[in-house]
Amino acid sequence: MKEVLPVFCYHPDPIATGAIDGSDEVCDCCKRARGYIYRGGIYSKCDAELVFCPWCIADGSAATEFEGTFNDVDSLIEVGIPESVVKEVNERTPSYSSWQEKVWLHHCGDACEFHGDASARDVQGATADTFEAFLEGQEEHREHWIAEFRNYVPNEDLVFYRYVCRHCRVVRLMYEYS
Ligand SMILES: [Zn+2]
Ligand SMILES: [Zn+2]
């Protein structure tokens with residue numbers, strides 16, 4: 001039987017997001033095959049092809065052993081998110097394989113949970129709170145994004161990702177153009 005996956009508060013379902021999947025591969029950190037493997041990559045001076053089991057991410061041993069980090073946390077540092085949270089996202093939270101530029105969203109003074117690709121319904125049905133939070137800091141005009149939201153279906157050119165606040169549960173969206 002497979003071991004129970006460790007808890008990642010900021011990436012609560014890494015199987016659903018595709019960050020971790022079932023595999024017999026051996027973890028480069030603990031050298032064990034534990035039934036799951038993470039392929040999202042690590043920022044490290046070492047070999048970029050490293051794969052890890054979820055446990056070596058959760059306990060920080062992969063980040064320590066390979067002097068690496070998993071996520072870009074500049075967006076969290078800029079707004080004064082507590083250092084303990086920044087460290088957890090940076091060193092003990094799986095990233096997401098398809099990301100180019102990783103911006104971790106925050107709300108209520110904490111990093112948000114990452115929930116992977118947003119569905120068409122998540123975007124088209126975004127609440128006013130979600131939309132207004134999204135608009136902050138965007139260069140394009142409101143009208144541009146109203147149209148993008150209304151017509152959104154997941155596609156190869158524009159992808160939305162879904163985050164959820166751990167405190168007020170507001171949904172926050174982030175996008176990336178490929
Ligand atoms: Zn391991
Ligand atoms: Zn909140």
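In which loop is Cys 108 found? In this predicted model, Cys 108 belongs to the loop that runs between strand E3 (106-107) and strand E4 (110-111).

**Overall form**

Eight helices and seven strands make up the secondary structure of the chain. The radius of gyration is 17 Å, close to the 16 Å that the globule rule gives for 178 residues, so the chain is as compact as a globular protein of that length. Along the principal axes, the C-alpha atoms fill a box of roughly 50 × 35 × 30 Å. Buried residues account for 30% of the 178 residues. Of the contacts between residues at least 6 apart in sequence, 60% join residues at least 24 apart.

**Domains**

The chain is divided into domain 1, covering residues 1-104, and domain 2, covering residues 107-178. Their C-alpha centres are 23 Å apart. To the contact between them, domain 1 gives 15 residues and domain 2 gives nine residues. On the side of domain 1 that touches domain 2, helix H1 (14-17) and helix H5 (83-92) are the elements that give two or more residues. The residues of that side comprise 10 nonpolar, four polar and one charged.

**The E6–E7 hairpin**

Strand E6 (residues 158-164) pairs with strand E7 (residues 171-177) in the antiparallel sense, and the pairing extends over seven bridges. Within this pair, Val 159 stands opposite Glu 176 in E7. The two strands, E6 and E7, form a hairpin with six residues between them. Arg 169 lies in the turn of that hairpin and has a positive phi of about 65°.

Two loop residues, Lys 31 and Cys 108, are set out below with their phi values and their loops.

| Residue | Phi | Loop |
|---|---|---|
| Cys 108 | about 50° | between strand E3 (106-107) and strand E4 (110-111) |

Methods
Residues numbered from 1 in each chain as written. Chains lettered and ligands numbered in written order. Predicted model: local features only at pLDDT ≥ 70, side-chain atom pairs only at ≥ 80, totals over all residues. Helix = DSSP H or I, 4+ residues; strand = E, 2+ residues; numbered from the N terminus. Rg over C-alpha atoms; globule rule 2.2 N^0.38 Å. Buried ≥ 20, exposed ≤ 12 C-beta atoms within 10 Å, placed from the backbone. Contact = placed C-beta atoms within 7 Å. Pairing = 2+ DSSP bridges. Domains from an automatic or database assignment. Nonpolar A, V, L, I, M, F, W, Y, C, P; charged D, E, K, R; others polar.
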